[in-house]
Amino acid sequence: MSFLKVESVSKHFGSLVAVDGVSMNVQKGECRAVIGPNGAGKTTFFNLITGMLGLTSGRVVLDGQDMAGIDPSHRVKLGMARTFQITEIFPELTVRENVRIPVEVAAGLHLSPRMPAHLKASVNDRIEQLLEEGGLTRIAHRYAGELSHGDQRACEIMMALALNPRLLLLDEPTAGMGDDETHAVARLIKRIHRESHMTIVLIEHDMRVVFNLADRITVLAEGKPLAEGTPAEITANERVQAAYLGGAA
Amino acid sequence: MTQLILFNVANGLIIGAFYALMAIGLSLIMSLSDVINFAHGGFLAIGAYLAYTLSPYVGFWGGLILAPILTAILGLIAEKFLISRVYGRDPLYSLLLTFGLAFIIEDSTRFIWGAQSVPYDVPGWLMSPLSADYFFLTGYRMFMVALVALAVGGLFYVMNRTRLGLRIRAGTLDLETVSVLGVNVRVLRNLNFGIGIYLAGLAGVLAAGQLGLQPTIGASVIMPSFVAIIIGGLGSLTGTLLGGLLIGVASGLTAVFLPSATEAVIYVMMALVLLIRPQGLLGEEGRF
């Protein structure tokens, strides 16, 4: 059974149909890329999965549980973590403080000032472990706003991972980055996927990243599903080529 | 002359410490919840009058401890049932709401405690001057400054060393992301409002001993507190503290040379800061 099941979801904004009957089944441990030309409705599709936008029709099911009526922050608690196209970190907090917030939330620490000693140690260990995995240890004391684009993204991904998600949604993780940074972020995602067998769905522009990371690819065009398959199948698909080259299918 | 200047500087520092205490609370609430709390002065008055009412039973020290806490509890209730309802709307709504609340509080204090000024007793030994030459340096004034320093120090500790503080700082930068990370933003805003009101209540108790008690006590400090925030820079607690002390001393000094301009001078300073450094002395560029 699919871990994430998206059943012909649609989103209308007035008369504009942004997403039109898209289905997608993602297996546990799979890395799925969602691609498509600009304006294909990728981000809207993402927002329908996370609940940031309400569905006009269709269904989103995570691990057998229908997400209807569950708001985004509750979906986070159910194991759905996401990063945004624009990096969402706290620029005026240090990297370590940025990571500390979700680690403490995941440890069940709320606003009471008390922190049991055993939790304190495990929280601190977890923070250092995430910083290490994200390659952030040597810059952990710096303000997140001062970091390079790639390090900021790594920080953001580590914050999402701190929540111990079962499904990680990444919205254009390499947007606006140069070659080196793109490569570094792609490597990080690949390592996370390989080591933790995390189920990952990502939107990505950079085809090198997509073909390097994804087990399967879903292609959208003008809000509709265009194709789905392995990277090799997608490369060979004439309709996909046509959509990207702008010619008639 | 030197003594006169020193007298007014000391006076200014003390008034400035009030402004700073008020302004820091206002600034906390403004930064996290985008609410310009015009009722902040009202909470100061509540703190002052509660201390006045309680001190015959629990003494000066009991009043000093209890009144700000009770004021903060009233603040938590006001936030939960009134102010939280206008979050996320046009700032005009919260402005109107807190403006109305300020009037309600002021008239309620007048109704309960009377329009006349009432005396607030401070232990006698605190009121005696520390030195014959500097008669204005009473123990109470030193005590107030020490207490304000303690309160501000405590707040900085909470903001920089505790989980609540970390989340408030993060929420000030981006409330939505904090929420996405699983922090309960409703509780966070409530507690943050409570901290701000606690500081107002504390300022009220201290002010009662220094300035005496009348229902308009809150209204007279609210505008300078806003000025302190603008001069110091919104979002910077250190800046706000500095702004409060600065305008206090400036109006104290003006009192020596041009007594009629003591109130105007702080607005002139604000205008100058806005012209030269619109983000405030220690504020971040692009905010406010």
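A: Two packed helices are described by the angle between their axes and the distance between the axes. In this predicted model, H1(B) and helix H10 (residues 237–257) of chain B pack at about 145° with their axes 6 Å apart, where axes are lines fitted to C-alpha atoms, for helices over the stretch in contact, and angles run from 0 to 180 degrees between N-to-C directions. H1(B) passes H10(B) in a right-handed crossing; a crossing is right-handed if the near helix is turned clockwise from the far one by less than a right angle, and left-handed if anticlockwise. By class, the contact of H1(B) with H10(B) holds 20 nonpolar, eleven polar and no charged residues, with Ala, Val, Leu, Ile, Met, Phe, Trp, Tyr, Cys and Pro counted as nonpolar, Asp, Glu, Lys and Arg as charged, and the others, Gly among them, as polar.

Q: At what angle do H1(B) and H8(B) pack, and how far apart are their axes?

A: Helix H1 (residues 2–33) of chain B packs against H8(B) at about 165°, with the axes 9 Å apart. The two are therefore roughly antiparallel, a label for angles over 145 degrees, while those under 35 count as roughly parallel, 65 to 115 as roughly perpendicular and the rest as oblique. H1(B) passes H8(B) in a left-handed crossing, and the residues of their contact divide into 18 nonpolar, five polar and one charged.

Q: Is Met30(B) buried or exposed?

A: A residue is buried if 20 or more other C-beta atoms, placed from the backbone, lie within 10 Å of its own, exposed if 12 or fewer, and partly exposed in between. Met30(B), which has its place in helix H1 of chain B, counts as buried because it has 23 C-beta neighbours inside 10 Å. Leaving aside residues up to four places away in sequence, Met30(B) touches Val35(B), Ile36(B) and Leu234(B), contact being C-beta atoms, placed from the backbone, within 7 Å.

Q: How many residues of helix H1 of chain A are buried?

A: Seven of the nine residues of H1(A), residues 42–50, are buried, so this helix is largely enclosed by the rest of the structure. Among them are Lys42(A), Phe45(A) and Phe46(A). H1(A) is followed by Gly51(A), whose phi is positive, near 85°.

Q: How many helices and strands does chain A have, and how many has chain B?

A: Helices (H or I, at least four residues) and strands (E, at least two) are DSSP runs, numbered from the N terminus. Chain A has nine helices and ten strands, and its radius of gyration of 19 Å is close to the 18 Å that the globule rule gives for 249 residues, so chain A is as compact as a globular protein of that length. The radius is taken over C-alpha atoms, and the rule is 2.2 Å times the number of residues to the power 0.38. Chain B has eleven helices and zero strands, and buried residues make up 47% of its 288 residues.

Q: Which elements of chain B touch chain A?

A: The contact takes 18 residues from chain B and 21 from chain A. Helices H6 (163–173), H7 (175–180) and H8 (185–211) of chain B each supply at least two residues of the side that touches chain A, and H6(B) gives the most, with seven.

Q: What conventions apply to the numbering and to confidence?

A: Residues are numbered from 1 along each chain as its sequence is written, and chains are lettered from A and ligands numbered from 1 in the order in which they are written. As this is a predicted model, local features need pLDDT of at least 70 and side-chain atom pairs count only at pLDDT 80 or more, whereas totals for chains, interfaces and linings use all residues.

Technical notes
Contact = placed C-beta atoms within 7 Å.
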